[in-house]
Amino acid sequence: VANNGRDLIYYDPTTGQFYQISPDGTSRKLLSSDTYPSADKVTWSPQKDKAILEFPDSSKILYDVKSQRQYTLAPEMEDINFSPAGDKLTFKFMGSDSSDQLLVVSNFDGSNATTVTPLADKASQFEVNWSPAGNVVALFTDAANADQQTVVPVGMLGENFKSFNVPGRGFDSTYSPDGQLLLYSVFSKQTGYNPTLYIANGTATSMGTNNINLDVQTWPEKCTFGTGTSLFCAVPQYLEQGTGLFTDLSKDIPDDIYRIDLSTGQKTKIARPVDSNGIDQFSASSLKLSSDESILYFFDKRSGQMQKIQLK
């Protein structure tokens, strides 16, 4: 969502350019004169003025939309994430040898790179996600026992903050905009090996405490935080047992949209997205709210298009 709180800004892989478009789709403004066709992943800075483009051949650039300037990043950089201020990056540097695989912090253009911690053979166990509170750059997960994982918050200087256990496997998470809360999903035998949402404290010193089961089977990537205590989630209408292990089982299952009150746990179904023929066929991710929460945008995995729901 653009800084005006209503429009969308986006990268078009066909033209290779950046645009701003109105909520009704009728007004579109070109934001970049340069072209970078066929990127298959885009990561926006929190300030929405820079974007990292990743291409199928592993090449990567950072494009400053405001200044129209390009910076080439190393192809070995993976899971790149911006700092809250947008002036730094954290990422996995995946060299050809395990001794050259590192968790790194750098300036936004890739310069002044500093090692946070070696990854060795545990790169897949690090989830790179810079907390909006600024003091945690990644979460490391390891098996606690057959039914639990241990999560260790990793600081910018390599600090290991107090760990906490989660009741399942497949840990996947996102922070609230202020970094005070951590939304995560795990699956276990008790959930039919389907992902179930939990909410917990998200600051470095209290992470994992006040852990609450929201009793909703979906993933954090299908949710977005609203104002106050509201959480909006796209929830599959049903899931086959074992979907947490095999996520492709959910790709053709339509979603309902729920609003969850995090203070009470109350869940309210507010929409069942349908097409012009009244068929519910949308599988939503990357949910975004307009600043007044009158519009909910989402990316439909099945069509590859952005959609919107008028909430007010």
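Predicted model: local features only at pLDDT ≥ 70, side-chain atom pairs only at ≥ 80, totals over all residues.
Residues are numbered from 1 along each chain as its sequence is written, and side-chain values use heavy atoms, with hydrogens and water left out.

Start with the overall build. The chain has 26 strands and zero helices; here helices (H or I, at least four residues) and strands (E, at least two) are DSSP runs, numbered from the N terminus. Its radius of gyration is 20 Å, close to the 20 Å that the globule rule gives for 312 residues, so the chain is as compact as a globular protein of that length. That radius is taken over C-alpha atoms, and the rule is 2.2 Å times the number of residues to the power 0.38. Along the principal axes, the C-alpha atoms fill a box of roughly 55 × 50 × 35 Å.

How much of the chain is tucked away? Of the 312 residues, 49% count as buried, where buried means under 20% relative accessible area, exposed over 50%, and partly exposed in between (1.4 Å probe, protein chains only).

Now go inside. A nonpolar core is a set of buried Ala, Val, Leu, Ile, Met, Phe, Trp, Tyr and Cys residues joined through side-chain atoms within 4.5 Å. The largest one has 14 residues, of which Leu139, Val166, Phe171, Leu182, Tyr184 and Met207 touch the most other members. At least two residues of this core come from each of β13, β15 (164-166), β16 (169-175), β17 (181-187) and β18 (196-201), and β17 gives the most, with three residues. Apart from this core lies another, of 13 residues, including Leu103, Val105, Val137 and Phe140.

Leaving aside neighbours within four places in sequence, Met207 is in contact (heavy atoms within 4.5 Å) with Val136, Leu139, Pro153, Phe164, Tyr175, Leu182, Asn201 and Gly202.

Finally, have a look at Ala133, in the loop between β12 (126-128) and β13 (136-145). Ala133 counts as partly exposed because its relative accessibility is 37%. Not counting residues up to four places away in sequence, Ala133 touches Asp178 and Gly179. Pro84 is 49 residues away along the chain, yet its C-alpha atom is separated from that of Ala133 by 7.5 Å.
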